[in-house]
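Please read these notes with the model open beside you.

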Amino acid sequence: MAPWRSIRRPLRRFAQVGHARRALVVEAVICLLLARLGLVFVPFPKLARGLGTFVPPSDPRALAAREPAPQAALAQEIGWAVTRAARHVPFKAVCLPQAMAAQVMLRRRGVASVMHFGAAKGSEKPLDAHAWLDAAGVEVTGYPVAKNFAEIACFV
């Protein structure tokens with residue numbers, strides 16, 4: 001009976017969420033799973049082609065995603081769904097799978113986004129990496145970004 005106690009509270013919370021948000025969370029779980037499987041089984045150069053065009057952070061297309069747009073509320077809802085789903089999936093869904101899942105969900109709805117990649121000198125590892133996503137002037141996933149991360153490149 002003890003295992004059911006740990007899952008009962010999240011299930012109760014999930015049932016209290018409205019239908020639209022519930023559908024977004026289910027979609028986010030599916031997208032997170034696909035992103036994780038892609039990262040495990042597909043070579044990154046091939047996977048990167050599906051992420052968009054690789055540009056430097058100073059590219060005007062990358063800067064445009066920081067501008068507020070009418071789809072800001074939708075981008076915020078998708079960010080909420082992806083971060084909530086990532087907490088409860090039975091696999092590791094860290095920054096890159098979250099950014100990939102949110103990007104797919106936004107792209108399906110016609111919302112432009114920018115996936116940022118950054119790196120920092122690590123304390124335990126020689127290099128720490130991080131990915132975050134912006135869309136319609138909204139910080140969708142991967143925020144807050146630590147000050148020691150330098151943005152390397154973006155996918156638009």
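1. Helices (H or I, at least four residues) and strands (E, at least two) are DSSP runs, numbered from the N terminus. Proline 144 sits in the loop that links strand 4 (138–141) to strand 5 (150–155). Its peptide bond with tyrosine 143 is cis, with omega about -5°.

2. A word on the basis. This is a predicted model, where local features need pLDDT of at least 70 and side-chain atom pairs count only at pLDDT 80 or more, while totals for chains, interfaces and linings use all residues. Residues are numbered from 1 along each chain as its sequence is written, and side-chain values use heavy atoms, with hydrogens and water left out.

3. Alanine 136 belongs to the loop between strand 3 (128–135) and strand 4.

4. Now the helix pairs. Two packed helices are described by the angle between their axes and the distance between the axes. Axes are lines fitted to C-alpha atoms, for helices over the stretch in contact, and angles run from 0 to 180 degrees between N-to-C directions. Helix 2 (19–41) packs on helix 5 (72–88) at about 60°, with the axes 8 Å apart. Helix 2 is therefore oblique to helix 5; angles under 35 degrees count as roughly parallel, over 145 as roughly antiparallel, 65 to 115 as roughly perpendicular and the rest as oblique. In contact (heavy atoms within 4.5 Å) are Arg21, Leu24, Val25, Ala28, Val29 and Leu32 of helix 2 with Glu77, Ile78, Trp80, Ala81, Val82, Ala85 and Ala86 of helix 5. By class, 11 of these residues are nonpolar, none polar and two charged. Here Ala, Val, Leu, Ile, Met, Phe, Trp, Tyr, Cys and Pro count as nonpolar, Asp, Glu, Lys and Arg as charged, and the others, Gly among them, as polar.

5. How does helix 2 lie against helix 6, and at what angle? The angle is about 125°, and the axes are 8 Å apart. So helix 2 is oblique to helix 6. From helix 2, Leu24, Glu27, Ala28, Cys31, Leu32, Ala35 and Leu39 take part. They meet Leu96, Pro97, Gln98, Met100, Ala101, Val104, Met105 and Arg108 in helix 6. This contact has 12 nonpolar, one polar and two charged residues.

6. Helix 5 also packs on helix 6. Their angle is about 140°, with 10 Å between the axes. Helix 5 is therefore oblique to helix 6. Ala75, Ile78, Val82, Thr83 and Ala86 of helix 5 touch Gln98, Ala102, Met105 and Leu106 of helix 6. Seven of these residues are nonpolar, two polar and none charged.

7. Last, the second largest pocket. A pocket is an open set of points on a 1 Å grid over the protein atoms alone, where a 1.4 Å probe fits, with protein on both sides within 12 Å along at least five of seven lines; lining residues have an atom within 4 Å of a point. The lining consists of Cys31, Leu34, Ala35, Leu47, Gly50, Leu51, Met100, Ala101, Gln103, Val104 and Arg107. Helix 2 and helix 6 (95–108) are the elements that give two or more residues to this lining. Helix 6 gives the most, with five residues. The lining has eight nonpolar residues, two polar and one charged.
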